[in-house]
Amino acid sequence: MAERRTDAKKTARKAAQAPARLSVRKTYKLYLGGAFPRSESGRSYPVTSADGAHLANASLSSRKDARDAVVAARKAFAGWSGRTAYNRGQILYRVAEVMEGRRAQFTDQLVAARGTDRTEAETIVSAAIDRWVYYAGWTDKFAQVIGGSNPVSGPYYNHSAPEPTGVVVVFAPQDAPLLGLSSVVAPVVATGNTAVVVASEPGPLAAVDLAEVLATSDVPGGVINLLTGRTGEIGPHLAAHADVDALDLSGAGEHATAFEEAAAQTLTRVLRPGPEDGAGERAWLDPDPGTSRMSPFLETKTVWHPIGV
Amino acid sequence: MAEILEYAPAPESRSVVTLRENYDLFVDGGFVPAESGESLTSLNPADESALATVAVAGPTDVDRAVSAARQAQENVWGPMSGAERGKYLFRIARILQERSRELAVLETMDNGKPIKETRDVDLPLAAAHFFYHAGWADKLHHAGLGTDPRPLGVAAQVIPWNFPLLMLAWKIAPALATGNTVVLKPAETTPLTALVFAEICQEADLPAGVVNIVTGAGGTGRTLVEHPGVDKVAFTGSTAVGRGIARAVAGTRKRLTLELGGKGANIVYDDAALDQAVEGIVTGIFFNQGHVCCAGSRLLVQESVAEELLSRLKERVSRIRVGDPLDKNTDLGAINSADQLSRIREVTDSGEAEGVERWSPACDLPTAGYWFAPTLLTGVSQSHRVAREEIFGPVLSVLTFRTPEEAVAKANNTPYGLSAGVWTEKGSRMLWTAERLRAGVVWSNTFNKLDPASPFGGYKESGYGREGGRHGLEAYLG
């Protein structure tokens, strides 16, 4: 609250100078089922820049918001996983197209929020856009790369193909709010999963900007749902939720072990934090992460059929 | 019921098996007694006679086994070329083939399953599993798992009693092919073929410590998977125990694969070849006394053919021969243990209490040993326990459906997702159904087929990871 008062004083001083045009600020909301609601709890929390200046109030999600996000993701799963791989590829490419048009917004956001220098911010934004292009190209490749026919000892057609696991909760990297976020979300949905994303707690604004891109990129509502707030508050409910099929613990930090323990109750799949965790946006620059972030959220289905006349 | 052909008894000879009275643990290439001196007795479930006593490994024994596996991994097995590792596995596969009759008889005695199955399924598949993985050992960089895939280290492996030697092969073959060493705990009621396998490791001159076998019950298994010195845990067994293991490895560096329970749906459409479907249903639920995690334990039959199918099914089930597992004509052997028998009875009785109709053919069950007649439950609805819980016995729950959408919805209405079956003569309907079933293995117009080249494993609460095929290697490489 102290920060809010300081900010209010600053605002008051500026108001006294009466600018030629008052800028229109953005309300940062959640993104659930294709809509932008506030938290049902009516709560928000202040988001500050690297040097402590107040940037905006983000929605402080509640347990109910988390449950709503899972419901939205489950509802969207059949439709999204049922689309053709080519169609999913085009939609992910469309995300990159729309991001490209908003380069300036994303760059400014990184500069303001993290004190990143402008050249560095440009690099991160470019890599984030390219990440969506990268996974757009994977949608109709991974099944051939990961699946195949199996030479069994008998007169049987036998074929294994990967299928999406279902609803994946993604704890986005705390210290990589745009490139890290894109790097963990895009592979989950590229293969047909739907996602509930818990944004970086200190840096949720880029995630909300990205949600606005998703909302205008033909990504069906509910495929990616975004929660902002306290990882330690909503995370336990998501980790233990019986209708969640997998967790990406990239940004779970100190909660990772507790979330993995909670996930065990319903054998929810878990991707543990990797070496990128805690190493900032630059740790996510590798332009070719391969299938490493797709395969943890895939199930292999093997189908047998006799061969005969 | 019409006359059934009578068969003269045709028991397989036990003379190929030489049982020792006591078996020690297999650690670091040799047999060593358990520090505690505790032991358990393995029974023949067909007549409750004692077969042998087996050492119970405690924390010190497990620790010694893990250390031996570590030493062997770092100094011998890890540095060895893939081609040489592969040759050991080829050698083991050949010895399993050579000693297959002995092992089949021993497995039947220790487990209770018919000799027909151990001889024609368990043993050939176990040998095939080693032969298949032997060939991978020097080709791992071609497996699509990175250009320089590395072994994880020491694998802790805990296996169930339903396919003792085959599950051992599923665990040990891929682990060894990928350069890992293992500490394996067989099930407490079926440890004997694993101990003969230990002798086979000696016979193959497998370097000491590459394979370690620690016998015991649940406590030994828990000690093993929780041991800080293991890098990988692989478990096949119940979902309840699987949950506990997943919780125990949370926050550690240990990699985990779990192959757990199932409640497989076997869907029969109205255009199915009914006689073939009947054979598939029988294989689906009565193979191995129904002690099969991927059993087709829920029959979903389209309403329009339900009456006809059930009448043919009952006629077929009446011809199942239940009895001496060592008899070559036996179709259905003994239930593996008294515990399992009481579990099957309890859940099946609950079905009757909930109002389902219970049917078994007239059959004389032996007086000694653990036996349960093949059973059909009809009038089952989705909320009944017999439709929801894994019975793990020769008990089939029959439900009906009207539309393909209803069949899929009912098939998927379970926390499990291991197997499913589809019977139809229409290809597009088969593929439509298979695509929508949330199960790791879908058998269409067949059931319960297994092969080392075919990935096996579940969706949802049936576990995670795959065993077999190129996919199965992923669980043992970093």
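A salt bridge is taken here as a side-chain nitrogen of Lys or Arg within 4 Å of a carboxyl oxygen of Asp or Glu. The model is predicted, so local features need pLDDT of at least 70 and side-chain atom pairs count only at pLDDT 80 or more, while totals for chains, interfaces and linings use all residues. Residues are numbered from 1 along each chain as its sequence is written, chains are lettered from A in the order in which they are written, and side-chain values use heavy atoms, with hydrogens and water left out.

Over all chains the structure holds 50 salt bridges. In one of them, the side chains of Arg103(A) and Glu122(A) meet at 2.9 Å, N to O; Arg103(A) belongs to helix α4 (residues 103-114) of chain A and Glu122(A) to helix α5 (residues 118-138) of chain A, 19 residues apart, where helices (H or I, at least four residues) and strands (E, at least two) are DSSP runs numbered from the N terminus.

Asp248(A) forms a salt bridge with Arg293(A), with 3.0 Å between the closest N and O atoms. Because Asp248(A) lies in strand β8 (residues 246-248) of chain A and Arg293(A) in the loop between β9 (269-271) and β10 (298-306) of chain A, the pair ties together parts that are 45 residues apart in sequence. Both Asp248(A) and Arg293(A) are buried, where buried means under 20% relative accessible area, exposed over 50% and partly exposed in between (1.4 Å probe, protein chains only).

In chain B, Arg312(B) and Glu308(B) meet in a salt bridge of 2.7 Å, N to O. Arg312(B) counts as partly exposed at 29% relative accessibility, and Glu308(B) is partly exposed with a relative accessible area of 37%.
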